[in-house]
Each structure stands twice: as structure tokens, then as C-alpha cells.
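Please read the report below alongside the sequence and the 3D view. The topic is how the chains touch one another.

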Amino acid sequence: MIELGDVRKVFNAGRPNEFVAVRGISLSVEAGKATFLTGPSGSGKTTLLGLIGCMARPSSGRIWLQGRETTSLPERFLTDLRRRTFGFIFQQLNLIRGLSALENAMLPAYPTGEAHRSIRKRALELFETFGLSPKEHARAEWLSGGEAQRLTIVRALINDPAVIIADEPTAHLDTALTLDFLDVLGRLKAQGRTILIAGHDPLVSESPVVDRVVSLRDGMIEGGAG
Amino acid sequence: MSRWIERQRNILDLTLSSLLRRKRKNAALFAAYTLIVFLLASVMFMSHALKREAASILAGSPEMIVQRISAGRHDLIAADAAAKLSELPGVQEARPRLWGYYYDPVTGANFTLVASGEAGLDPGRIAVGEGVARMRLASVGDSIEFKAHDGSLLELEVGEILPRGSALVSSDLVLVTEADFRRLFGTPAGLATDIVLRVRNARELPTIALKAAEIYPDTRQVLRDDLLRTYQAVFDWRGGLLVIILGGGLLAFIIFSWDKATGLSAEARREIGILKAVGWETSDVILMKSWEGMAVSLTAFLGGVLLAYVHVFLTSGVLFEPVLKGWSVLYPAFRLVPYIDLSQLAALFFLTVLPYTVATVIPTWRAATVDPDQVMR
Amino acid sequence: MILDPAILALLAGSVLISFMVLYAGAFAAGILRRWDIKSGSEGQIALERKTYLVSTLLAYSFGFEILSFFLFIHTAGRISGLFAGAMCAAGSLNVNPFGYPTLILKLANVLAAGVWLVLNHVDSRAEDYPLIKPKYRFLLGLVPLVVAEAVLQTAYFLRLDPDIITSCCATLFSSGSSALPLGMLWDWRIPLGLILYAVSAAAIGSGLFFSIKGKGGGLFSILSVSAFAVSAVSVFGFISTFIYELPTHHCPFCILKKEYGYIGYPLYAALLGAVVLGAAVGVLGRYRKRGSLAAILPQFLKRAALVSVCLYAIFLLLATLKIVLSNLKIGGY
């Protein structure tokens with residue numbers, strides 16, 4: 001599904017604070033499977049997720065998405081692709097305060113030009129699935145931790161993406177909520193979606209949902225390429 | 001096409017809800033914007049309306065006025081010059097006028113006195129403009145005392161107060177009979193202040209003016225069109241002067257809006273970051289910010305124009321009176337005829353919305369080009 | 001100098017527009033030198049970011065430029081009252097030698113700006129900025145024109161002196177004037193009219209053919225520009241005389257006045273819109289098969305041609321109506 005070929009990402013190239021986040025990673029992500037990226041902070045997990053999720057372009061190397069090379073696509077096209085293919089769940093949740101839960105969920109679909117009504121319908125169906133229906137009009141900041149987590153999942157699913165990317169999703173969750181989350185991921189996988197998670201949580205890495213664990217250190221894969 | 005429309009609609013949805021959420025923060029900017037538009041619009045509406053008033057009033061005045069000049073100053077002219085001038089080909093009518101200024105020591109105002117053959121004016125009776133009546137606290141039937149040229153006092157009874165509608169020209173007017181005029185000012189019989197000519201064909205005016213100058217070399221010929229042009233120029237000039245003065249205010253507003261646009265709050269930055277992270281392109285964010293700017297601009301523009309309309313046409317421009325109307329103690333209370341045209345609004349648009357847009361383009365772009373992967377951290 | 005708020009607005013506007021266009025031009029030069037869509041380097045990403053700025057700046061600049069063109073003509077008409085001898089914009093533009101050059105340059109810039117905006121729109125619909133280099137080269141060519149226009153306009157307004165006696169359109173555009181052979185145009189009104197209808201029919205026909213079959217875009221473009229030229233000459237050659245019902249009055253500005261129902265505005269707007277789209281079809285035609293454009297451009301061009309054809313039709317319809325309903329008969333009085 002997703003292929004990385006000797007990908008490198010350098011920040012502030014040529015300047016005194018030059019920093020190489022990812023050095024020469026080659027990786028193959030299988031479709032319909034859940035892959036877990038682990039490693040200490042600074043190992044390049046978040047940067048790698050960003051590269052895979054078409055959020056940033058590599059300084060060198062090549063990336064293929066569903067057989068199509070995305071390395072040098074300009075932002076405009078890349079963003080359109082990203083919108084359609086990926087759904088993101090962030091560590092800090094990143095919900096917009098002051099907007100209702102429903103509006104937050106609908107945001108990623110706004111620029112697609114899809115009719116407002118149809119986006120809303122889909123959002124409400126997802127709310128139903130995740131038990132958020134009563135909170136439709138609640139402001140994002142009033143939601144409980146678990147509800148907010150589920151809202152970010154709904155937001156990630158609004159464009160019906162093939163890949164879900166989650167960056168340290170369980171870092172602020174207790175065990176019960178973590179297991180709930182893993183359960184959701186399992187269901188998404190059963191729908192045929194590809195899952196990519198980054199984090200340290202052993203509950204996740206040892207869960208049956210995760211098919212493969214990749215360890216990173218200092219911007220490279222430990223124990224050779226995958 | 002419909003995708004494009006839906007995209008605009010969706011983004012506009014978010015724009016409006018953002019604006020409403022941050023009402024207090026945007027309030028100062030909005031107030032300043034509306035104020036600037038209000039001030040500029042008031043100046044433009046007022047000077048345009050005054051110009052039109054002047055034009056419509058002058059439309060009824062005679063095409064040419066012949067005045068005698070003595071030692072560079074306007075002097076009295078022989079009344080029988082009128083007969084001679086009316087014989088010139090093209091002249092419909094020529095008649096002598098008797099008028100002058102009277103300084104009223106009681107109120108410190110200058111009245112314009114005109115000898116008029118109006119029906120209803122017997123010797124001893126006058127018709128006064130509403131400004132005169134107001135200043136002298138006189139109504140019909142009251143008497144006003146005038147100081148004649150020889151120091152004696154002349155009492156004249158107010159027979160009529162001139163209608164309010166003509167206030168712009170008649171406010172300081174006093175109509176008297178010829179006899180009373182000469183009694184008051186001591187103007188000898190046979191002499192008039194000037195001669196007015198009615199000419200049928202405008203193209204003949206230069207020729208007639210030349211001939212009049214030949215017959216009476218010590219006179220000057222004042223054409224109505226020249227007067228009209230002078231009025232227009234004066235109002236333009238005054239209006240333009242005010243606009244330049246307001247330019248300082250405009251500049252301050254522009255700097256303020258630029259500053260506001262650059263200093264985006266942390267909250268606002270975070271929101272843009274989130275939008276980019278969930279799949280908004282830079283152009284989508286720029287579009288949203290542009291809609292924000294447009295919403296603010298349009299509301300401020302409409303609000304300012306409306307307020308200016310009320311200010312100029314319903315309260316007769318209370319704030320600007322002294323500058324635009326000239327320095328005078330005797331001030332006519334009158335209502336300007338409402339008149340707005342598209343070019344005024346367009347000029348207003350260029351002076352306010354364009355600078356605001358220019359000031360906010362670069363800060364907007366900078367805010368929108370944030371890297372989405374920054375948000376991940 | 002006449003301190004009129006509209007004039008101040010035009011001057012301020014042209015300064016701001018020039019500033020934005022110069023800024024955009026500077027970026028454009030940088031982009032032309034270093035643009036490489038295939039690279040993922042930070043430099044290229046920064047350039048891509050900058051194109052958003054340039055596009056936004058220019059969208060605003062050219063939008064305001066088009067508005068200012070109409071405001072300029074309207075203002076010239078309005079201040080004509082200040083000049084002895086002037087009765088419409090024709091006179092006020094003649095007060096000093098900068099008036100007409102400003103108008104002509106403004107018109108040229110409006111047309112170029114329109115074509116540029118169409119180019120930009122197409123470029124933004126494709127994924128990989130296929131037209132970026134031609135677009136910015138075009139822009140660099142426009143920058144000096146826009147600045148020149150601002151300079152000329154300023155010179156014109158600064159040199160406006162109400163003491164100067166100028167000519168009315170009656171003398172400038174009358175049959176007896178030595179400046180333009182307009183009397184001849186009236187005498188030749190029938191052949192001229194036939195040429196107008198013939199060229200317009202050809203343009204409309206080729207445009208319809210192109211919008212259906214997708215072939216002959218270049219021919220349509222040439223015909224549409226020719227139709228514009230012929231129409232412009234026709235307006236003051238004879239169409240105006242029928243509007244004024246006076247065979248000697250040819251002024252192209254008086255038809256914008258209230259007395260004639262502001263008919264000038266729709267006539268000129270339709271004509272300008274039609275030629276901008278027609279020219280754009282020609283300019284963009286050669287890119288039809290290129291890369292990412294192959295998917296969207298042919299469709300877009302067909303639609304543009306159709307709109308252009310409709311606008312020409314509107315122009316012809318209005319003009320014909322005015323001629324037929326006029327009290328002045330084609331055979332003269």
C-alpha cells in the first residue's frame with residue numbers, strides 16, 4: 001500500500017541548527033494491516049508519520065502511495081490526496097474550541113466541495129456509531145476525555161479514508177479507554193482500512209490488533225529495514 | 001461549478017462562526033473601520049449634494065451680469081445702461097438690479113438687501129429670509145430697525161418670511177422696495193448695482209460680452225457658467241481638503257489593521273494549524289481569511305455609508321458644517337436633497353476597502369502558509 | 001489639481017495597485033529562475049508557498065484595476081462640468097496630453113489583466129502548476145504597463161487646470177473635425193454595418209463550432225479579436241449616431257450618460273468580456289494537450305468560447321435594437 005524508498009528528512013538544511021530527523025528509511029506498509037511505530041522521543045516517529053501521511057515532502061528518497069509516486073507532488077495536489085486517503089488522530093486531540101462537536105467533525109470535508117447537507121448526514125451517522133449523538137451541539141471543550149477521543153476518530157473518518165494514522169493516541173488515556181480505542185481500531189481494520197500508530201504504549205504494541213511493530217532509533221529502523 | 005460554490009459556502013460557514021466567536025477582539029477594528037467609512041462618506045455626500053444644490057439654484061439665474069469697475073473695485077452703474085444693452089442682438093432682456101450688504105450691529109450678521117418689485121411689498125414693508133427672522137427674533141408683523149446711511153433709524157415691518165425650501169439662497173435675504181433701499185443706503189436715483197442680461201443662445205454669450213465691453217469699457221461681464229464652475233471648484237476643493245485631512249486618520253486605521261492581522265493570537269494560529277493538519281490547503285485557508293476580511297469590510301462599509309447618509313441628509317451634516325459651508329454667523333437651517341451615485345460609492349470603496357485589503361494580504365498569507373506537520377508536534 | 005475625492009481615490013488606488021504588482025513581479029522573477037516542480041527541497045517548497053501570495057496579490061490588483069477603469073471614465077465624465085467647452089469625458093480627457101494615453105493604456109491593461117486572470121484560474125485548476133512559467137513571464141511584461149499607467153494617470157490629474165478651455169466631443173468627434181475622418185464613416189455606414197455583421201457572424205459561428213467540436217480555437221480567437229476591433233470602430237462610426245439620433249455626433253463617451261439610459265455600459269462591458277475570453281481561448285489553445293491540462297483545458301476552453309459568443313450576441317442585439325428603434329433612419333433624415 002505505502003512504500004518508502006531510502007527516505008531522508010532534514011530540517012533547516014545548511015544552517016547551524018541543521019537537524020536530520022529521518023535518515024534513509026525504507027519501509028513497506030501492508031494494506032489492511034495495523035503497523036506500530038515505536039522508539040524513544042527524537043527517533044523520528046512523528047516525522048515519519050508526517051511523511052507517510054503526505055503532510056511533508058522528503059528531502060531525498062521516494063514515496064509511493066497505492067503504486068503512485070507522491071514524492072514531488074506540489075502541496076495542492078498532495079493535500080487533496082491526503083484528504084481523500086488519510087484520516088489523522090493527533091496526540092493533543094487538536095479540536096477547535098468554540099465550535100460544536102459536529103462542526104469539528106465536518107471540517108476536513110469542507111474544502112472538498114461536497115454539499116454541506118451530505119457531509120452533515122455522514123457525520124451524524126458516525127456520531128451514532130460512536131455513541132456521540134447526544135453531544136452533537138456541545139462545544140468541543142465541554143466534552144469528556146473519552147468523548148473527545150471518539151470525536152477525533154469521527155473527524156478522521158469523515159472522508160472515508162483508506163488509511164488511519166494515529167500519533168500517540170493513548171498517551172493521555174487510562175487503561176479502560178485505551179482498550180476501547182484498540183477495539184475501535186480493530187473494527188476499522190475489519191472494514192479493510194490500513195492502520196498506522198506511533199507511540200510507546202506497551203498495551204498497544206502487545207495488543208492482538210497490531211500486526212507488526214517497527215522500532216526506530218535516531219531516525220533509522222532498528223535491526224535493518226522492514 | 002457547483003463544487004466551487006459548495007466549497008465557498010462551506011468555508012464561509014466556518015468564517016462567519018469564527019468571526020462571531022471572536023466578537024470582542026474584532027470590535028475595535030470594526031468600529032474604527034466603520035468610523036473611517038462614515039467620515040469619508042459624509043464628506044463626499046455633503047460636497048456632492050451642495051454642488052448639486054448650487055447648480056440647480058444657479059440654473060435659474062441670468063446668463064450674464066454686467067458690473068462697472070472703478071479703480072479695480074465694483075462700483076455703481078448707470079441704470080439706463082440696461083436700455084442700451086437690451087438692444088444688442090441676442091439679448092432677450094436687460095434690467096438693472098439694486099442690491100447690497102447690510103451689517104447688523106445687533107447680531108453681528110450681514111444681510112443681503114435686494115430692491116425688489118415684488119407684489120405685496122409696500123413702502124415700509126419687507127420680506128425676510130428665515131435666517132434673518134431667526135436672528136432678529138422677528139415674525140410677520142414685527143418691525144426691524146435698520147441704521148440708514150445718514151445715521152437715522154429706519155423701521156421696516158416684516159410682511160412675509162421667505163419659504164424654508166429656498167433657505168440656501170434666501171436665508172440672509174431681505175427684500176425691500178426700491179424707495180426704501182435708496183433711503184437706507186443713500187444710493188442716488190438713476191444708479192444701479194449691476195445690470196443682468198438674459199440671453200437665449202449660450203453660444204452668443206462671448207460675442208455679447210465683447211460687445212458690452214466695447215460699449216462700456218469700464219465694466220466686466222460675469223457669466224453664469226463661470227460662476228457655476230467656481231462653485232463646483234470650491235466645493236471640490238473643500239471636499240478634497242477634508243479628505244486629505246482624513247487621510248491621516250485613514251493611515252492610522254491601515255496601520256492598525258495591518259498590526260492586528262500580523263499579530264494573530266496563539267489561539268488563531270493553532271486553529272489554522274489544525275485546519276491544515278486535517279486537510280485544508282493553503283489556498284483554502286487564504287480563502288477563509290479573505291472571506292473574513294470581506295465580511296468585515298462589507299459590514300463596515302454598509303454601516304458607515306448608512307450612518308453617513310443619516311448624518312448628511314437627515315441631520316444636515318452637523319459635524320462638518322463649519323468647513324464646508326463657509327464662515328458665517330448667519331447659518332441657514334436646511335435639508336440637503338439626498339443624492340448618492342455609484343461613482344461616489346466606488347471612490348469610497350477605493351479609499352477604504354482597497355487599502356485595508358492590501359494591508360492584510362501579506363499577514364494573511366503568512367498565517368496561512370504554516371506547515372501542517374508543525375501541528376503534529 | 002482638482003481635489004475631488006474620486007480623483008484622490010483613483011490616485012491612491014493606482015499607487016497601491018502598482019505597489020502590489022511590483023511586489024508580485026519581484027517574486028515572479030525569483031520563481032522563474034528557480035522553479036523546479038520535481039524537487040522536494042526547502043527552496044522549492046518556499047517558492048510554492050510564495051506563489052499563493054503572488055496569486056492572491058494579483059487577483060486583488062487586477063480586480064481593482066478593472067473597477068478603476070470604469071471609475072476613471074465615470075470621473076472624467078463627471079468633472080467635465082469644470083472645463084469650459086467640455087460636456088462629457090471626451091472634453092476632460094483632452095485638457096492635457098495625458099488624458100487619452102491614460103485611457104488607452106488603462107484599456108489595454110484591463111484586457112491583459114482579464115486574460116491573466118483566466119490563465120491563473122486554469123493554472124490553479126490543474127495539479128502541478130503547468131502554466132506557471134508562461135503566466136509569470138506574461139506578468140513581468142505587464143508590470144511596466146501597470147506602472148506606466150499609474151504615472152500617466154497621475155500626470156493627467158495633476159495637470160488638470162480648470163482655466164484651460166478644452167473641446168467638446170462635438171468638435172473632437174464631429175464630421176467637420178480634421179482630427180478624425182468621421183464624416184467618412186457616416187457616409188460609409190452601410191458597408192461598415194455589413195462588415196460588422198459579417199465579421200461578428202463569422203466570430204460567433206466559429207465560436208459555436210469550437211464549443212461543440214473543439215476544433216478551430218485559433219481561428220475563433222483571431223476572429224473574435226477582429227470582431228472586437230470592428231465593433232469598437234462601429235460604435236463610434238455609426239452606432240453612436242443612431243443612439244444620439246444625430247448623424248454628426250460620434251462621441252463614444254456620451255452614450256455612458258444618463259440621458260441615453262447608460263446604454264454605453266452594457267455595450268462596452270459585453271464587448272470587453274467577449275474579447276477577453278476570445279483572446280484567452282487563443283492564448284491557452286496551444287497548451288490543450290499538455291500534461292495535467294489535457295484533462296481540464298479543452299472543456300474549459302469550449303465553455304469560455306460559448307460565453308464569449310453569447311456576449312458578442314448581446315452586444316450585437318443591443319446595437320441592432322438601438323439602430324432599428326432610433327428616430328434616425330438608416331437612409332438619413
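A salt bridge is a side-chain nitrogen of Lys or Arg within 4 Å of a carboxyl oxygen of Asp or Glu. In this predicted model, local features need pLDDT of at least 70 and side-chain atom pairs count only at pLDDT 80 or more, while totals for chains, interfaces and linings use all residues. Residues are numbered from 1 along each chain as its sequence is written, chains are lettered from A and ligands numbered from 1 in the order in which they are written, and side-chain values use heavy atoms, with hydrogens and water left out.

**Chain A and chain B**

Between chain A and chain B the count is 1 salt bridge. The side chains of A:Arg83 and B:Asp284 form a salt bridge, at 3.6 Å from N to O. There are also 9 residue pairs in polar contact between chain A and chain B, both residues at pLDDT 80 or more. A polar contact is a pair of N or O atoms within 3.5 Å; within protein, one must be able to donate a hydrogen and the other to accept it, and residues adjacent in sequence count only if both atoms are side-chain atoms.

Which elements of chain A give two or more residues to the side that touches chain B? They are α1 (45–52), α2 (75–85) and α4 (116–129). The largest share, 5 residues, comes from α2(A). Helices (H or I, at least four residues) and strands (E, at least two) are DSSP runs, numbered from the N terminus.

**Chain C and chain B**

Across the interface of chain C and chain B the rule finds 0 salt bridges, and 4 residue pairs are in polar contact, both at pLDDT 80 or more. On the side of chain C that touches chain B, the elements giving two or more residues are α1 (5–34) and α2 (42–78) of chain C. Here α2(C) gives the largest share, 13 residues.

**Contact and buried area**

Contact means heavy atoms within 4.5 Å. Buried area is the accessible area (1.4 Å probe) that two parts lose on being put together, summed over both.

| Chains | Residues in contact | Buried area | Share from carbon and sulfur atoms |
|---|---|---|---|
| A and B | 35 residues from chain A, 27 residues from chain B | about 2,800 Å² | 55% |
| C and B | 29 residues from chain C, 34 residues from chain B | about 2,900 Å² | 77% |

**Domains of chain B**

Chain B is assigned domain 1 (2–57 + 230–376) and domain 2 (77–192), with bounds from an automatic or database domain assignment. The C-alpha centres of domain 1 and domain 2 of chain B lie 49 Å apart.
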